[in-house]
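Please look at the sequence and the structure shown below.

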Amino acid sequence: MSTYNYNKIVEYIETSQNDFYLLAYGYVKNREAALDIVQDSIYKALSSANKLRNIEYVKTWFYRILVNTSISYLRKNKRIILSDKVPEMVSPENKNLAEIYDLYDAIDKLDPKFKTIVMLRYFEDMKIDEIAKVLDCNINTTKSRLYASLGKLKSIIEGEG
Amino acid sequence: MEKKLKEVKKLYINQEIPEELKIMVNKTIKDSKDRKTRSFRYKAASVAAVVAISGSFIVGLNTNEAFAKTIDEIPILKNIADVFTFKDYEMHSELINEDINIPAVVGLGDEKFEQKINDEIYEKMTAHISEAEQRAAEYKEAYIATGGTEEDYRPIDVVVDYKLYHADENYLSFAVYQTESLASAYFEIYYYNINLKTNETMTLESIFGKDYKNIINKQIADQIQERIQNQDCGYFKGDAGFKSIADNQNFYLNEDGKVVIIFDKYEIASGGTGRPEFVIEQVK
């Protein structure tokens with residue numbers, strides 16, 4: 001690891017910390033748990049900074065750590081996380097408010113594997129190839145997993161009527 | 001669906017960010033820097049560390065073939081400025097957790113000398129690691145035999161890492177050490193001081209001249225007296241106390257390039273004093 005890489009990673013973490021928190025929060029819906037996950041991910045990233053060969057991939061590399069940390073947190077603490085309240089909607093003029101909340105809840109019900117892909121694609125606005133790097137799988141698998149996620153979301157919503 | 005997801009995104013990003021996030025992030029970054037001596041805080045214009053092997057992967061330590069193979073995979077940078085590289089891997093088993101960073105010097109321009117140093121470090125460290133594995137196996141056996149259960153047994157942590165003390169275009173000074181959680185008695189450290197101009201291992205004699213023992217002993221004795229006067233009572237007196245440095249006395253170069261003599265725990269002082277260090281000034 002060069003000092004250069006290390007400093008760039010630190011810089012990246014400092015500028016993107018809010019995004020990390022939001023993603024972690026998206027998984028656990030709990031403020032303390034999300035802070036824990038972010039902290040854990042930073043530790044992991046910095047102590048394995050030497051494993052990042054190309055600084056250009058810092059984003060997908062860090063997100064991979066963040067996603068894995070979040071998912072293993074969920075696995076370990078399945079029953080004890082208490083969800084915070086759903087945040088207030090920003091645009092009250094929206095007519096389909098109920099539907100939006102339903103969708104928000106539906107995403108929460110997805111298996112972590114599918115939830116990840118939906119959050120990265122639609123909330124973090126990542127491109128398919130970036131998501132593939134984060135998940136460490138190929139582009140086609142990523143694509144089909146994305147469609148599968150949308151399908152699952154649909155059936156969750158419709159199932160509830 | 002995609003349109004609605006955009007609306008959901010508003011919910012997602014509208015989530016309040018806790019104030020303590022920033023504080024926590026800064027603290028975590030700082031802690032992490034302090035913890036890792038390998039983040040080079042030194043004026044290391046001519047030093048860069050190169051990652052040897054990517055990913056954390058598992059190597060059977062007893063298979064030397066595997067080791068030899070991974071060594072071949074170390075990408076040595078073309079850049080002459082890169083003096084350090086390290087082999088790093090983690091291994092986790094029921095017996096032992098290993099976090100190994102074995103450093104190696106590269107690009108000194110004298111391959112034989114490099115090879116000699118690297119072989120020596122490598123051999124010493126792998127020998128310690130296999131000893132540690134053996135101890136772990138014995139320990140586990142004893143643990144079970146005395147009524148401990150398999151589930152309660154915690155693997156022993158073994159760490160091999162290095163510390164870089166000084167690096168500039170003339171000198172390189174570092175130590176390689178091994179510790180394990182079973183007992184602090186299994187702490188081993190080896191110091192390496194290299195003159196990069198001549199590609200030789202530095203000795204105290206090469207720095208202070210023939211009279212090196214007298215020069216150094218006097219300064220150490222004075223410093224011990226001074227410390228004792230400052231209520232630092234850990235130093236042994238009389239026969240057990242400091243008399244002279246050894247022929248192969250451990251030392252390193254600090255950030256300013258000054259020689260620091262270091263003693264083992266219990267060598268000249270009680271355990272509470274730790275491993276005493278003495279900065280030695282050059283006398284003209």
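Which residue in β10(B) is the bridge partner of B:I262? The partner is B:E277. This is a predicted model, in which local features need pLDDT of at least 70, side-chain atom pairs count only at pLDDT 80 or more, and totals for chains, interfaces and linings use all residues. Residues are numbered from 1 along each chain as its sequence is written, while chains are lettered from A and ligands numbered from 1 in the order in which they are written.

**The sheet in chain B**

- Strands β8, β9 and β10 of chain B form an open, antiparallel sheet in that order; strands (E, at least two residues) and helices (H or I, at least four) are DSSP runs, numbered from the N terminus.
- β8 (251–253) and β10 (277–280) of chain B are at the edges with a single partner strand each, so one side of each has no neighbour in the sheet.
- From one strand to the next, the twist averages 25°.
- β9 (residues 259–262) of chain B pairs with β10(B) over four bridges; pairing requires at least two bridges found by DSSP.
- Helix α6 (residues 212–229) of chain B packs on the sheet and touches β9 and β10 of chain B (contact: C-beta atoms, placed from the backbone, within 7 Å).
- The direction of α6 makes about 125° with that of β10(B) (angles run from 0 to 180 degrees between N-to-C directions, and axes are lines fitted to C-alpha atoms, for helices over the stretch in contact).

- The axes of α4 (residues 97–109) of chain A and α1 (residues 2–13) of chain B come within 9 Å and cross at roughly 80°.
- That makes α4(A) roughly perpendicular to α1(B) (65 to 115 degrees; under 35 is roughly parallel, over 145 roughly antiparallel, the rest oblique).
- Residues making the contact include A:L103 of α4(A) and B:L5 of α1(B).

Methods. Contact = placed C-beta atoms within 7 Å.
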